[in-house]
Each structure stands twice: as structure tokens, then as C-alpha cells.
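I opened this model to take notes on its fold and on a few single residues. My entries follow in the order I looked things up.

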Amino acid sequence: MGLPDGAPSGLEGSVKEQELASLFQRNREWAKSMTDRDPEFFSRLVRQQTPEYLWIGCSDARVPANDLIGMAPGELFVHRNIANLVHNIDINLMSVLEYAVNVLKTRHIIVCGHYGCGGVRAAMDRQEFGLIDNWLRKIKDIYAANKKALDREPDPERRLNLLCEINVRQQAHNICHTSIVQNAWRAGQELVVHGWIYSIADGLIKDLGIRIDGPQALEPIYVFPGFELDIGF
Ligand SMILES: [Zn+2]
């Protein structure tokens, strides 16, 4: 059986050919449904990309960013990784952030975690998984820093979900600790960082009340020079 148009030719004869063929079929159906509804959709999309929102979420397949908030292609700039972590030495995320802030002039950055996150769960265990242990180590640091509050919660699932929330808060702050975000604020650019969490169980997003639009909410040690802080650091 031949492959559909556009399929990589090297896949011919592979055991998964049928499964992959169905993906191309679904893609054609999706593209048709979009142009049926709006014939100009793709030609318009080619000409511009001006999303107002940057989404930083988990790679978990159950948390598809655009779908959760009903956004069409072109409306959301997306970065996803395991457990929605913001490592300041992650060249991938930092490149996405810089492009979003400096070129796209994105006005809202949303860090969205989710309850029951497998990455957070793995970090709470004393198990060895491999390379990912290095990635998830930051969550262990957050656990250690919040150990008293977390250990007061006796139910393991609720403790996990509490750490998922604390993780979002920390990652939202980590975004704000970057020179990229602070330089934008210093230049007077409107930029707000939000912290949300998604429930796979009911499909709803909860606003964690994290809304950072300037350096005042940050620990002074993380604030670059050039800001006048009330605390006189
Ligand atoms: Zn996750």
C-alpha cells in the first residue's frame, strides 16, 4: 500500500504504516473542515502570527493548550515540557520567551500546570528514572523548601496536587526572574505573568490568583538594577 501525499517516503513498509496513514487522513479532514467553515482561514494565517498569549504548560497529552481554552491556530504561542518547568538555562524555553516578549510583544504569559502531574509525582518519589531525574530535580527543591506545608497534608493525592499548585507559583516567578521579562518591564512594555492549573478530571482551569506585572512582587535579590523598589534593597 502506498503512502498518502506528504508522508515521509522512508516510512513505507514500516509496521506502523497503517496507523500513520490514518494521521494524514485525519489531517486532510481537519484542513478541509477549517476551510469549509472559513475559506480564507489558512491564507490569513500564513500572513500573520500575532498571538497575545504565551502558554507554558506540561507535555502531558491530556493537556492540549489550544483546546483547553478554545483557541484557534495563530492565537496562542506555546511551549510545553515535562511538569511545565522554567529552568533559566533551558535554551529552548528562553528562546521561546525572548521571541514572544521581544518580537511578538505578547502581553500575557500563562504558566499552566495540571493536577495529578506525572512529572511532579515522579519527583516526589525516591526512585531513579534516568535523565529525567535531572530535569525534575527542581521540583524536589520546591518540595524541600515547602516541606512543612506539604507534610501537613496527610492524603497523598492532595499532597501531590498541592505541590502541583506550588510548582506553578514557583515557575511563574522563575519567568519573572529572567532578564527578558524584566527588561520588557523596564522598557514600559505591558506584560503580565499568570499562574493557572488544569483539572484533567473535569476539564476546568483554576486561576491560582498569581498575577505578576512588575518587579514589586518578587524577592529583591532576583530584581535586576534599574527598578525602584519600595523595600529599599
Ligand atoms: Zn504533567
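**Entry 1: Glu219.** I started with Glu219, which I found in the segment after E5. Is Glu219 buried or exposed? I counted 11 other C-beta atoms within 10 Å of Glu219. The cut-off for exposed is 12 or fewer, so Glu219 is exposed. I then took a distance to Pro51, which is 168 residues apart from Glu219 along the chain. The C-alpha atoms of the two are separated by 30 Å. I note here that the model is predicted.

**Entry 2: the sheet.** Next I looked up the strands. In which order do the five strands lie in the sheet? I read E2-E1-E3-E4-E5. The sheet is open, and its pairing is mixed. Strand E2 (76-81) and strand E5 (205-212) are the edge strands, each pairing on one side only. On average, neighbouring strands of this sheet are turned by 20° against each other, direction ignored.

**Entry 3: E1 and E3.** E1 covers residues 53-58 and E3 covers residues 108-114. The two run parallel, and five bridges join them. I looked up Gly57 and found its bridge partner in E3, Cys112.

**Entry 4: positive phi.** I went on to backbone torsions. Asn84 is not a glycine, yet its phi is positive, near 40°. I placed Asn84 in the loop between E2 and helix H4 (91-103). With 28 other C-beta atoms within 10 Å, Asn84 is buried. The cut-off for buried is 20 or more.

Lys105 also has a positive phi, about 55°, although it is not a glycine. I found Lys105 in the loop between H4 and E3. How many other C-beta atoms lie within 10 Å of Lys105? I got 14, and Lys105 is therefore partly exposed.

**Entry 5: whole protein.** I counted nine helices and five strands. From the N terminus on, the elements run α-α-β-α-β-α-β-α-α-α-α-α-β-β. Along the principal axes, the C-alpha atoms fill a box of roughly 70 × 45 × 35 Å. Of the 233 residues, 23% count as buried. I also checked contacts with a separation of 6 or more: residues 24 or more positions apart account for 61% of them.

**Entry 6: domains.** Last, I looked up the domain assignment. It gives domain 1 (1-48) and domain 2 (51-222). I noted that their C-alpha centres lie 32 Å apart.

Key. Residues numbered from 1 in each chain as written. Predicted model: local features only at pLDDT ≥ 70, side-chain atom pairs only at ≥ 80, totals over all residues. Pairing = 2+ DSSP bridges. Helix = DSSP H or I, 4+ residues; strand = E, 2+ residues; numbered from the N terminus. Axes fitted to C-alpha atoms, helices over the stretch in contact; angles between N-to-C directions. Contact = placed C-beta atoms within 7 Å. Domains from an automatic or database assignment.
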